[in-house]
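Have a look at the chain and its fold below. The notes that follow walk through it a piece at a time.

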Amino acid sequence: MADGHKTSSELVDYMITVGIDKATKPLFKLMLLGIFGGAFIALGGAGNIISASTLAKTDPGLAKFVGACVFPVGLIMVVILGSELFTSNCLLSVAYTNKKITFTQLIRNVVTVYLFNYVGSFIVAYITVRGGSFNADSLDYLQNIATHKVHADAYALFIKGILCNVLVCGAVLLSYTSKDTIGKLVGAWLPIMLFVLIGYDHSIANMFYLTAAKLADSSIQVSSILYNLFYVTLGNILGGMAIGLPLYFCYYKKQA
């Protein structure tokens, strides 16, 4: 390790170590950390809505930038506090490719974390909406986001999901390379800010946005929410593998 950060080959070794740890966690611990992971992302989403909503009336571009700057707090909390997040756990494919975990362990992790990320997202969505944290501007802004997401073309959702998770997993990997907290904060913040600013789709964030919108307006159909999550999730899975596996094949050196 040089200058306080990992080299590319050291990073891949660390990814495999982390993958083994995640794949072998006890089920209850995985469930609990999955709830926290979903809740942290949802809190970032709530901050995004509140910070951007009023400003969107006068300067939509600046509003989106401000919201994008706030949203990464969620992933920073995931990384620093060690909770479980479905999108970044797509990187477990690296440990599986290296034959350090089984396919059953891989599926057990990502399915459990995905489901309990939703539990965490729902809790935050319910408290935020029913607790009155969103004012009229925030609710309008949320509904505009949700309407766009549930009516988007399936192919668009899929490909935006791919690039979203390239950036999310890239943010996690950047945080992995650093030894100190400030390096982890900056590494996690920049790519996440970028994906929100561009408008890519993150399955766990969408769990929060769409559930909150449903709680605020019952006219949104559950089938429309599931439609969005299905295609975005597929894209997120491919995006995680798209950044993790090339890094593995380029830099991993098998131990003698």
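## The nonpolar core

In this predicted model, the largest nonpolar core counts 72 residues. Met15, Ile41, Phe71, Leu75, Phe195, Phe208 and Tyr209 are the ones with the most contacts inside it. Helix α11 (residues 203-216) supplies the largest share of that core, nine residues.

Let's zoom in on phenylalanine 71. Setting aside neighbours within four places in sequence, phenylalanine 71 touches Ile41, Gly44, Gly45, Asn48, Ile192, Phe195, Val196, Ala205 and Tyr209.

## Annotated transmembrane stretches

An unreviewed UniProt entry marks residues 30-50, 62-86, 106-129, 154-176, 188-209 and 229-251 as "transmembrane region".

Take two of them. Residues 30-50 are 100% helix and 0% strand, and their end C-alpha atoms sit 30 Å apart. For residues 62-86 the end C-alpha atoms are also 30 Å apart, with 76% helix and 0% strand in the span.

## Salt bridges

Searching the whole structure turns up six salt bridges. One of them pairs lysine 25 with aspartate 21, with 3.0 Å between the closest N and O atoms. Lysine 25 counts as buried because its relative accessible area is 8%, while aspartate 21, at 44%, is partly exposed. These two also belong to a salt-bridge network that links Asp21, Lys22, Lys25 and Glu84.

Now for aspartate 201, which is buried at 1% relative accessibility. Aspartate 201 bridges to lysine 149, with the closest N and O atoms 2.9 Å apart. That pair ties together distant parts of the chain: aspartate 201 is in the loop between α10 (181-198) and α11, lysine 149 is in helix α8 (residues 136-150), and 52 residues separate them. Lysine 149 counts as buried too, at 10%. Aspartate 201 also meets lysine 160 in a salt bridge, 3.2 Å from N to O. Here again distant parts are linked, since lysine 160 lies in helix α9 (residues 154-177), 41 residues away.

Which residues make the nonpolar surface patch of about 510 Å²? They are Tyr118, Val119, Phe122, Ile123, Tyr126 and Ile127. Tyrosine 118 belongs to helix α7 (residues 103-130), and tyrosine 118 is partly exposed because its relative accessible area is 32%.

Threonine 102 sits in the loop between α6 (92-97) and α7. Is threonine 102 buried or partly exposed? With a relative accessible area of 42%, threonine 102 is partly exposed. Threonine 102 and isoleucine 20 are 82 residues apart in sequence, yet their C-alpha atoms are 9.7 Å apart in space.

Note on methods:
Residues are numbered from 1 along each chain as its sequence is written. This is a predicted model: local features need pLDDT of at least 70, side-chain atom pairs count only at pLDDT 80 or more; totals for chains, interfaces and linings use all residues. Side-chain values use heavy atoms; hydrogens and water are left out. Patches are made of residues with over 30% relative accessible area and no salt bridge: like charges are joined within 9 Å, nonpolar side chains (Val, Leu, Ile, Met, Phe, Trp, Tyr) within 5 Å. Accessible areas come from the Shrake-Rupley method with a 1.4 Å probe; for residues, only the protein chains shown count as cover. A salt bridge is a side-chain nitrogen of Lys or Arg within 4 Å of a carboxyl oxygen of Asp or Glu. Helices (H or I, at least four residues) and strands (E, at least two) are DSSP runs, numbered from the N terminus. Buried means under 20% relative accessible area, exposed over 50%, partly exposed in between (1.4 Å probe, protein chains only). UniProt positions are given in the numbering used here, feature names are shortened, and annotations may be inferred rather than shown by experiment. A nonpolar core is a set of buried Ala, Val, Leu, Ile, Met, Phe, Trp, Tyr and Cys residues joined through side-chain atoms within 4.5 Å. Contact means heavy atoms within 4.5 Å.
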